[in-house]
Amino acid sequence: MSIEEIPATDEDTPATLSRRTFVAATAITGAVAVAGAPVLDAEPAAAAESGTSSRVSLTVNGTRHTVTFDNRTSLLDLLREHLGLTGSKKGCDAGACGACTVLVDGRRVNGCLTLAVRLEGAEVTTIEGLAEGDRLHPLQQAFIDHDAFQCGYCTPGQIMSGAACIKEGHTGSRAEIREWMSGNICRCGCYVKIVDAVQQAAPRK
């Protein structure tokens with residue numbers, strides 16, 4: 001006979017309770033215990049919170065922001081969760097796919113691996129800040145012209161990395177572009193068209 005088939009007796013001792021009855025009784029007892037527990041002093045909790053948070057001022061897409069956040073916050077999470085800039089995507093969250101690529105002081109970085117607390121005074125550019133008003137960045141237009149995306153998830157990171165690649169002067173050949181864009185993965189396999197777009201947007205030599 002299984003545990004659930006043992007009939008309950010009038011005494012309802014733990015040995016004769018069904019598993020379902022026992023679990024329900026335990027849950028109720030636990031809830032009562034939690035409800036009756038004394039409230040922890042809020043002052044130490046506040047002190048602990050202040051010890052693990054920082055206040056940082058940085059410029060994002062030309063706008064100055066002063067934000068208080070947990071010291072463990074990545075630049076990607078700061079952008080998405082605190083500033084509402086969701087163009088930068090969270091892919092692997094381990095620096096392997098490049099979907100979160102943004103520019104910090106003109107250099108491309110993986111937002112998921114960059115601690116926001118280290119960016120006091122930094123200038124950050126995301127996909128939202130690449131265009132000039134209603135005028136698309138040449139690489140954004142080139143991606144449209146060459147249909148260099150399918151699902152579009154990796155596209156913001158690809159464009160930010162490609163824009164940096166152009167600025168760095170790594171567009172001498174298709175092989176060079178592929179090498180310097182190798183940190184950005186496209187699971188749809190649009191690499192040929194991505195290289196075409198970067199070549200179109202690069203200055204003619």
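Modeller: Let's start with aspartate 77, which forms a salt bridge with lysine 90, their closest N and O atoms being 2.7 Å apart. By salt bridge I mean a side-chain nitrogen of Lys or Arg within 4 Å of a carboxyl oxygen of Asp or Glu. This pair links distant parts of the chain, 13 residues apart: aspartate 77 is in helix 3 (residues 75–82), and lysine 90 is in the loop between helix 3 and strand 3 (101–104). Helices (H or I, at least four residues) and strands (E, at least two) are DSSP runs, numbered from the N terminus. Aspartate 77 counts as partly exposed because its relative accessibility is 22%, and lysine 90 is partly exposed too, with a relative accessible area of 31%. The cut-offs are under 20% relative accessible area for buried, over 50% for exposed, and partly exposed in between (1.4 Å probe, protein chains only).

A word on the ground rules: this is a predicted model, where local features need pLDDT of at least 70 and side-chain atom pairs count only at pLDDT 80 or more, while totals for chains, interfaces and linings use all residues. Residues are numbered from 1 along each chain as its sequence is written, and side-chain values use heavy atoms, with hydrogens and water left out.

By the salt-bridge rule the count comes to four. Another of them joins arginine 108 and glutamate 168, at 2.8 Å from N to O. Arginine 108 sits in strand 4 (residues 107–110) and glutamate 168 in helix 5 (residues 155–168), so this bridge ties together parts 60 residues apart in sequence. Glutamate 168 is partly exposed because its relative accessibility is 36%.

Then there's aspartate 196, whose side chain meets that of arginine 174 in a salt bridge (2.7 Å, N to O). Aspartate 196 belongs to helix 7 (residues 191–201) and arginine 174 to helix 6 (residues 174–180), so the pair ties together parts 22 residues apart in sequence. Aspartate 196 comes out partly exposed at 23% relative accessibility, and arginine 174 does as well, at 27%.

Helix 7 also brings in helix 4: their axes come within 8 Å and cross at roughly 135°. Helix 4 is therefore oblique to helix 7; angles under 35 degrees count as roughly parallel, over 145 as roughly antiparallel, 65 to 115 as roughly perpendicular and the rest as oblique. On helix 4 (residues 138–145) you'll find isoleucine 144, which is partly exposed at 48% relative accessibility.

How values were computed. Axes fitted to C-alpha atoms, helices over the stretch in contact; angles between N-to-C directions.
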